[in-house]
Amino acid sequence: MASKVHTRLHLQTKPCLSKMATLLLFLCFLFTSFSYAEARNCHRVWNCKGDIRCWEDCKNEHNGKGLCDLYTAPSVPKQCFCAYKC
């Protein structure tokens with residue numbers, strides 16, 4: 001009698017595990033497909049020649065958003081950071 005109960009429990013839990021494994025594989029597939037579909041973020045840096053010039057150059061050359069450093073060390077020139085989609 002105990003072996004019949006054990007067999008029933010074993011048979012009932014096995015499909016549940018396979019469904020769970022299938023669900024996990026499907027979720028992994030979705031996450032990897034979405035990560036490849038999104039555009040990567042790229043960055044370029046150059047010497048800043050003013051906030052407006054930085055913003056315009058980044059927009060015109062890379063269709064991105066550019067911003068100059070707010071604070072730098074005294075001997076380091078300000079940098080323009082340009083972020084855009086690759």
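Visitor: Is Cys 86 buried, partly exposed or exposed?

Guide: Happy to start there, with the reminder that this is a predicted model. Buried would need under 20% relative accessible area and exposed over 50%. The relative accessibility of Cys 86 is 47%, so this residue counts as partly exposed.

Visitor: Which residue forms a disulfide with Cys 86?

Guide: Two sulfur atoms within 2.5 Å count as a disulfide. The sulfur of Cys 86 lies 1.4 Å from that of its partner. The link is right-handed, with 100 degrees about the S-S bond. The partner is buried at 17% relative accessibility, and its name is Cys 42.

Visitor: How many residues apart in sequence are the parts that Cys 42 and Cys 86 tie together?

Guide: Cys 42 and Cys 86 form a disulfide. Cys 42 sits in strand E1, residues 41-47, while Cys 86 belongs to the segment after strand E3, which covers 79-85. The pair therefore ties together parts whose separation in sequence is 44 residues.

Visitor: Which strand does helix H2 reach through Cys 54?

Guide: Cys 54 and Cys 80 form a disulfide with their sulfur atoms 1.8 Å apart. The torsion about their S-S bond is about 80 degrees, so this one is right-handed. Cys 54 is in helix H2, residues 51-62, and its partner is 26 residues away, in strand E3.

Visitor: Are Cys 54 and Cys 80 buried or exposed?

Guide: A residue counts as buried when its relative accessible area is under 20%. Cys 54 and Cys 80 both fall in that class, so the word for the pair is buried.

Visitor: What is the relative accessible area of Cys 58?

Guide: Cys 58 forms a disulfide with Cys 82, their sulfur atoms 1.9 Å apart. Cys 58 is in helix H2 and Cys 82 in strand E3, so the bond ties together parts 24 residues apart in sequence. Cys 82 is buried at 1%, and Cys 58 is buried with a relative accessible area of 0%.

Visitor: What pattern do the disulfides of the protein follow?

Guide: The protein has four disulfides. With the bonded cysteines counted along the chain, the pattern is 1-8, 2-5, 3-6, 4-7.

Visitor: Which residues of H2 are buried, and where on the helix do they lie?

Guide: The buried residues are Cys 54, Asp 57 and Cys 58. An α-helix has 3.6 residues a turn, so residues three or four places apart point the same way. Seen down the axis of H2, the buried residues fall within an arc of 95 degrees, so they line one face of the helix.

Visitor: What do the buried residues of H2 pack against?

Guide: H2 has another side, where Ile 52 and Asn 60 are exposed. The buried residues, Cys 54, Asp 57 and Cys 58, pack against E1, E2 and E3.

Visitor: Which residues does Asp 57 contact, leaving aside its neighbours within four places in sequence?

Guide: Asp 57 is found in helix H2 and is buried, with a relative accessible area of 17%. Once the neighbours within four places are set aside, its contacts are Trp 46 and His 62.

Visitor: Which residue of E3 is the bridge partner of Leu 67?

Guide: Leu 67 is on the uncovered face of strand E2, along with Lys 65, while Gly 66 and Cys 68 make up the covered face. E2 and E3 pair in the antiparallel sense over four bridges. In E3, the bridge partner of Leu 67 is Phe 81.

Note on methods. Residues numbered from 1 in each chain as written. Predicted model: local features only at pLDDT ≥ 70, side-chain atom pairs only at ≥ 80, totals over all residues. Heavy atoms only, no water. Helix = DSSP H or I, 4+ residues; strand = E, 2+ residues; numbered from the N terminus. Buried < 20%, exposed > 50% of the residue type's maximum accessible area, 1.4 Å probe, protein only. Pairing = 2+ DSSP bridges. Arc of directions from axis to C-beta. Contact = heavy atoms within 4.5 Å.
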